[in-house]
Amino acid sequence: YAVEALLARLYYNTGAYEKARIAANAVITSGKFTYSSQSDLSAGNDLTGAHEHIFGLNINNLYNYSDLYLSKDRLISNTFFLSAAARNAYYPEGSVDYRYIYLFEVGEGDKASNYYLKKYNAPIASNLYYRNKSVVIKISEMQFIIAGSNLAEGKSIIEPLNKVRSGRGLTPLTVEPTEPTITFLEEFRKEFFGEGQLFYQYKRLNRTIITGTDKNLVALKAY
């Protein structure tokens, strides 16, 4: 399935959209991969989404990196965090979005308005299946490949996006968006936070201005 998922990614990025959909659907319909349950997320057992990984890496010192660069217990100058406003902008349906609820923790003292990513924290569960996991390809990407292929061909994007939204505790989209590219990117940003995927999606779509900056990335040749 890792090979099939990689083929889906390859076909998508080279514009072979029908082949991309076929490969992505082969992985999805296998039934081998499921979304992390709310109970596992709330208990802190599966913050990286082990059940969702089609292919991933086992990184023995993953939690050391998380502690150094993502922890609320480190100096502000050395860590990455979101402001409350930025977190809300990423997840506007926050109160019901599992990612908003379970994947961030608020700082303390002078960091009380900062939110720190918990995705790579050591899980509470001692089961090795959940530990040291860093995703390379996961099941939600297959849905985004289908949605992105549909977007490129002017077809409906809401069905594959709704599969991901359902897995994250959100209600389905019922009306096709008037600006489907913006909706696609908004959903993508929520899903792949902290996974290194978003820049490449912007690059693929050759977006001039990306959310959070007023710089012209095409003019700057940032891609």
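1. Leu185 sits in helix α9 of this predicted model. Its relative accessibility is 6%, so Leu185 counts as buried. Setting aside neighbours within four places in sequence, Leu185 is in contact with Gln201, Tyr202, Leu205 and Arg207. A further pair to check is Leu185 and Gly148. These two are 37 residues apart in sequence, and their C-alpha atoms are 9.6 Å apart in space.

2. Helix α8 spans residues 158–167 and is mostly covered. Seven of its 10 residues are buried. They are Ile158, Pro160, Leu161, Asn162, Val164, Arg165 and Gly167.

3. What do the buried residues of α8 pack against? They pack against α6 (98–102), α7 (139–152) and α9 (180–191). Helix α9 is also where Leu185 is placed.

4. Past the helix, look at the backbone. Gly169 follows α8 and has a positive phi, near 85°.

5. Asn132 has a positive phi of about 60° and is not a glycine. Asn132 lies in the loop between β4 and β5, the latter covering 133–138. Is Asn132 buried or exposed? Its relative accessibility is 14%, under the 20% limit, so Asn132 counts as buried.

6. Lys221 is the other one. Its phi is near 55°, again positive in a residue other than glycine. Lys221 is found in the segment after α10, which runs over 198–205. The relative accessible area of Lys221 is 75%, over the 50% limit, so Lys221 is exposed. In short, Asn132 is buried, whereas Lys221 is exposed.

7. Now the sheet. Three strands form an open sheet in the order β2-β4-β3, and the pairing is antiparallel. Why is one side of β2 and of β3 left without a neighbour in the sheet? Strands β2 (82–83) and β3 (104–106) stand at the edges and have a single partner strand each, so one side of each has no neighbour there.

8. Strand β4 covers residues 114–117 and pairs with β2 over two bridges, in the antiparallel sense. Leu82 has Tyr115 in β4 as its bridge partner. As background, the strands of a sheet pair through backbone hydrogen bonds, either parallel or antiparallel.

Terms used:
Residues are numbered from 1 along each chain as its sequence is written. This is a predicted model: local features need pLDDT of at least 70, side-chain atom pairs count only at pLDDT 80 or more; totals for chains, interfaces and linings use all residues. Side-chain values use heavy atoms; hydrogens and water are left out. Two strands pair if DSSP finds at least two bridges between them. Helices (H or I, at least four residues) and strands (E, at least two) are DSSP runs, numbered from the N terminus. Buried means under 20% relative accessible area, exposed over 50%, partly exposed in between (1.4 Å probe, protein chains only). Contact means heavy atoms within 4.5 Å.
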